[in-house]
Amino acid sequence: VQLQASGGGLVQAGGSLRLSCAASGRTLRSYAKGWFRQAPGKEREFVARITLSGGFTHYADSVKGRFTISRDNAKNTVYLQMNSLKPEDTAVYYCAATSVNTIAAAWYGFWGQGTLVTVSS
């Protein structure tokens, strides 16, 4: 599986962005997907995940109610809709794939290259 993340950019606080993660190689349907982020000087942290079927989603408390993860298996793509963005959301966002339903980054065996999101105050 190869993952290509896109959609990052510069946005003002309160604005919105939608990140996309396109998968190639093995079929996307075989893997659960997650989004993680890493801010400067901080460790990588879990943001959201979605199961194989898309029937279950899970969010970090810091983004709950503002971010929405979804997937389109026909397009082999996972999305992260980010609304009401805050300066503290500034980070490099990574999509990742796993065969296990978990929020632990160590269990995600496939990672995209990351896309930078910058939220100005």
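Buried means under 20% relative accessible area, exposed over 50%, and partly exposed in between (1.4 Å probe, protein chains only). This is a predicted model: local features need pLDDT of at least 70, side-chain atom pairs count only at pLDDT 80 or more, and totals for chains, interfaces and linings use all residues. Residues are numbered from 1 along each chain as its sequence is written, and side-chain values use heavy atoms, with hydrogens and water left out.

**Exercise 1. Positive phi**

Task: Find where Asn76 and Ser84 lie, and classify their accessibility.

Solution.
- Step 1: Asn76 is not a glycine, yet its phi is positive, about 55 degrees.
- Step 2: Asn76 sits in the loop between β7 and β8. Strands are DSSP runs (E, at least two residues), numbered from the N terminus.
- Step 3: Asn76 has 23% relative accessibility, so it counts as partly exposed.
- Step 4: Ser84, also not a glycine, has a positive phi of about 50 degrees.
- Step 5: The loop between β8 and β9 holds Ser84. At 41% relative accessibility, Ser84 is partly exposed.

**Exercise 2. The surroundings of Arg37**

Task: Is Arg37 buried or exposed, and with which side chains does the side chain of Arg37 make polar contacts?

Solution.
- Step 1: Locate Arg37 in strand β4, residues 32–38.
- Step 2: Relative accessibility is 5%, so Arg37 counts as buried.
- Step 3: Look for polar contacts. These are pairs of N or O atoms within 3.5 Å; within protein, one must be able to donate a hydrogen and the other to accept it, and residues adjacent in sequence count only if both atoms are side-chain atoms.
- Step 4: The Arg37 side chain has such a contact with the side chain of Glu45 at 2.6 Å. Another goes to the side chain of Ser62 at 3.4 Å.
- Step 5: List contacts (heavy atoms within 4.5 Å). Leaving out residues up to four places away in sequence, Arg37 touches residues including Val47, Phe67, Glu88, Asp89 and Tyr93.

**Exercise 3. The nonpolar core**

Task: How many residues has the largest nonpolar core, and which element gives the most to this core?

Solution.
- Step 1: Apply the criterion. A nonpolar core is a set of buried Ala, Val, Leu, Ile, Met, Phe, Trp, Tyr and Cys residues joined through side-chain atoms within 4.5 Å.
- Step 2: The largest one has 32 residues. Among those with the most contacts inside it are Trp35, Val47, Leu80 and Met82.
- Step 3: Elements that give two or more residues to this core include β1 (2–6), β3 (17–24), β5 (45–50) and β11 (115–120).
- Step 4: β9 gives the most, with five residues.
- Step 5: Check Leu80. Not counting residues up to four places away in sequence, Leu80 touches Leu17, Trp35, Phe67 and Ile69, among others.

**Exercise 4. Rings around Phe36**

Task: Which geometry has the aromatic pair of Phe36 and Tyr108, and which has the pair of Phe36 and Trp111?

Solution.
- Step 1: Rings of Phe, Tyr and Trp (its six-membered ring) pair if their centres lie within 6.5 Å; planes under 30 degrees apart count as stacked, over 60 as edge-to-face and the rest as tilted.
- Step 2: The structure holds six aromatic pairs. Phe36 and Tyr108 are edge-to-face, at 4.9 Å centre to centre and 80 degrees between the planes.
- Step 3: This pair links Phe36 in strand β4 to Tyr108 in the loop between β9 and β10, 72 residues apart.
- Step 4: Phe36 is buried at 2% relative accessible area. Tyr108 is buried at 3%.
- Step 5: The ring centres of Phe36 and Trp111 are 5.0 Å apart with planes at 55 degrees, so this pair is tilted.
- Step 6: Ring pairs link Phe36, Phe46, Tyr94, Tyr108 and Trp111 into a cluster.

Technical notes
Helices (H or I, at least four residues) and strands (E, at least two) are DSSP runs, numbered from the N terminus.
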